[in-house]
Amino acid sequence: MIKIEGVIAEILPDGRFRVRLENEHEIIAYTAGKMRKNRIRSIVGDRVHVEMTPYDLDKGRIVFREKTAPMPMNQRRFFRR
């Protein structure tokens, strides 16, 4: 398996994402089972680690989402559930 880092560029239907890799190549990726099981959410702009097979370099699996800085309080108060 090839492991590479990237940034989520777009959210697609059926739990898939368009990820822009470090080398500016874009692939379609889905979340790994552990991430789905633990309900780890990913949004546009998140840095992720992607596993790819050397046989198909257009698809991959997101295995890790890097932690980001918490949202500032002035932006948090406008969030409503």
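This is a predicted model: local features need pLDDT of at least 70, side-chain atom pairs count only at pLDDT 80 or more; totals for chains, interfaces and linings use all residues.

Trainee: Which way do β4 and β5 run, and how many bridges join them?

Mentor: They run antiparallel, and five bridges join them. Strand β4 covers residues 47-53 and strand β5 covers residues 56-65. Another pair to look at is E51, which stands opposite R61 in β5.

Trainee: What joins β4 to β5?

Mentor: A hairpin, through two residues.

Trainee: And the other side of β4? How many bridges does β4 share with β1?

Mentor: Six bridges, again in the antiparallel sense. Strand β1 spans residues 2-12. Look at I2 there: M52 in β4 stands opposite.

Trainee: What holds paired strands together in general?

Mentor: Backbone hydrogen bonds, in either a parallel or an antiparallel arrangement.

Trainee: Zoom out. What do the five strands form, and in which order?

Mentor: They form a closed barrel, in the order β1-β2-β3-β5-β4. The pairing is mixed. On average, neighbouring strands of this sheet are turned by 50° against each other, direction ignored.

Trainee: What does the secondary structure come to overall?

Mentor: Two helices and five strands. Reading from the N terminus, the elements go β-β-β-α-β-β-α.

Trainee: Let's change topic. Where is T31, and is T31 buried or exposed?

Mentor: T31 sits in strand β3. T31 is buried, because its relative accessible area is 11%, and the cut-off for buried is under 20%.

Trainee: What does T31 touch, leaving aside neighbours within four places in sequence?

Mentor: G15, F17, R36 and I62.

Trainee: Take F17. Which strand is F17 in?

Mentor: Strand β2. F17 counts as buried too, at 8% relative accessibility.

Trainee: How far apart are the C-alpha atoms of F17 and T31?

Mentor: They are separated by 8.3 Å, with the two residues 14 apart along the chain.

Trainee: Which other residues does F17 contact, again leaving aside neighbours within four places?

Mentor: The list includes I8, E10, I11 and L12. I27, I28 and A29 are on it as well.

Trainee: Now the loops. What is the phi of D14?

Mentor: Near 65°, a positive value in a residue other than glycine. D14 lies in the loop between β1 and β2, the latter being 16-21.

Trainee: Is D14 buried or exposed?

Mentor: Exposed, because D14 has 75% relative accessibility and the cut-off for exposed is over 50%.

Trainee: And E24? What is the phi there, and where is the residue?

Mentor: Phi of E24 is near 65°, also positive in a non-glycine residue. E24 is in the loop between β2 and β3, with β3 at 26-31. At 60% relative accessibility, E24 is exposed.

Trainee: A few totals to finish. What share of the residues is buried?

Mentor: Buried residues make up 25% of the 81 residues.

Trainee: And the accessible surface? What does it come to?

Mentor: About 6,500 Å², and 53% of that belongs to carbon and sulfur atoms.

Terms used. Residues are numbered from 1 along each chain as its sequence is written. Side-chain values use heavy atoms; hydrogens and water are left out. Two strands pair if DSSP finds at least two bridges between them. Helices (H or I, at least four residues) and strands (E, at least two) are DSSP runs, numbered from the N terminus. Axes are lines fitted to C-alpha atoms, for helices over the stretch in contact, and angles run from 0 to 180 degrees between N-to-C directions. Buried means under 20% relative accessible area, exposed over 50%, partly exposed in between (1.4 Å probe, protein chains only). Accessible areas come from the Shrake-Rupley method with a 1.4 Å probe; for residues, only the protein chains shown count as cover. Contact means heavy atoms within 4.5 Å.
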